[in-house]
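Biologist: Hi! Could you walk me through this model, starting with the whole chain and then zooming in on one residue?

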Amino acid sequence: SIFNQIEQKFDFKPGPIFANIVVADEINRTTPKTQSALLEAMNEAQVTVDNHTHRLPQPFMVLATQNPVEHHGTYPLPESQLDRFLLRIGMGYPSRESEREIMRQHTGGRNAAAEVSAVMEASDVEMMQRAVEKVRVDDSLRDYAIDIVEGTRRSEQLTLGVSPRGLLMLQRAAQARAFLEGRDYCTPDDFKLLILPVFAHRVVVNTRYATTQKKLAQVEAILSEIVESTRVPL
């Protein structure tokens, strides 16, 4: 809210969060106060300022990158914040061909970003989201997902298992994968192949079982054990 000296009142000025796609670069360099401010936006798609609620534009998505937690000046995201992200995906290094293309695009003062063109409208994304919601999920697959989630909660190697929100996010991600594969129904692979990217950032390793492995690698190893010990529906 910015004070309008002419009219002697406060005017609301929408900030950068009011966009269809918000990219938070190096999100763990922001302060905890800034991180917590994202919770309402990511969970409710709204912002409350001075007792007034402002809806965010639809569709609304947050993409974020983060530095390794060992770096100075970082604030690890709390579990409640991480739980709002549907997936965590390791970017890794580009392939040899991709790096060659990167070098080619930055030759001769060329601005490759300025040449990017739109591939769809916001309404197209909303239509796809509605279609994903209609993808069928058999109860046997829901039981399979619940079995894995309960396994994370019982595991002695984890102090924090997957939340109910995480369970719902796995179902939504599986529906999205089936949609992208051109199907209107989910298969066991839709769930199984997404367990690591959907669950790895939602669990916490028990310090008694900490190893010299990187934290993410250890989490994925524990989750893989749980997945392999869980019966897959036919």
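Predicted model: local features only at pLDDT ≥ 70, side-chain atom pairs only at ≥ 80, totals over all residues.

Biologist: How many helices and strands does the chain have?

Modeller: Let's look at the secondary structure next. The chain has 9 helices, and its strands come to 8.

Biologist: Where is Asn206 in the chain?

Modeller: Look for strand S8, which covers 204–205, and then for helix H9, which covers 215–228. Asn206 sits between these two elements, in the loop.

Biologist: Is Asn206 buried or exposed?

Modeller: Here we need the cut-off again: buried means under 20% relative accessible area. Asn206 has a relative accessibility of 10%, so this residue counts as buried.

Biologist: Which residues is Asn206 in contact with, leaving aside its neighbours within four places in sequence?

Modeller: Contact here means heavy atoms within 4.5 Å. Once the neighbours within four places in sequence are set aside, the contacts of Asn206 are Glu156, Gln157, Leu158 and Thr159.

Biologist: How far is the backbone nitrogen of Arg208 from a polar atom of the Asn206 side chain?

Modeller: A pair of N or O atoms has to lie within 3.5 Å to be a polar contact. From the polar side-chain atom of Asn206 to the backbone nitrogen of Arg208, the distance is 3.0 Å.

Key. Residues numbered from 1 in each chain as written. Heavy atoms only, no water. Helix = DSSP H or I, 4+ residues; strand = E, 2+ residues; numbered from the N terminus. Buried < 20%, exposed > 50% of the residue type's maximum accessible area, 1.4 Å probe, protein only. Polar contact = N/O pair within 3.5 Å; in protein donor to acceptor, adjacent residues only side chain to side chain.
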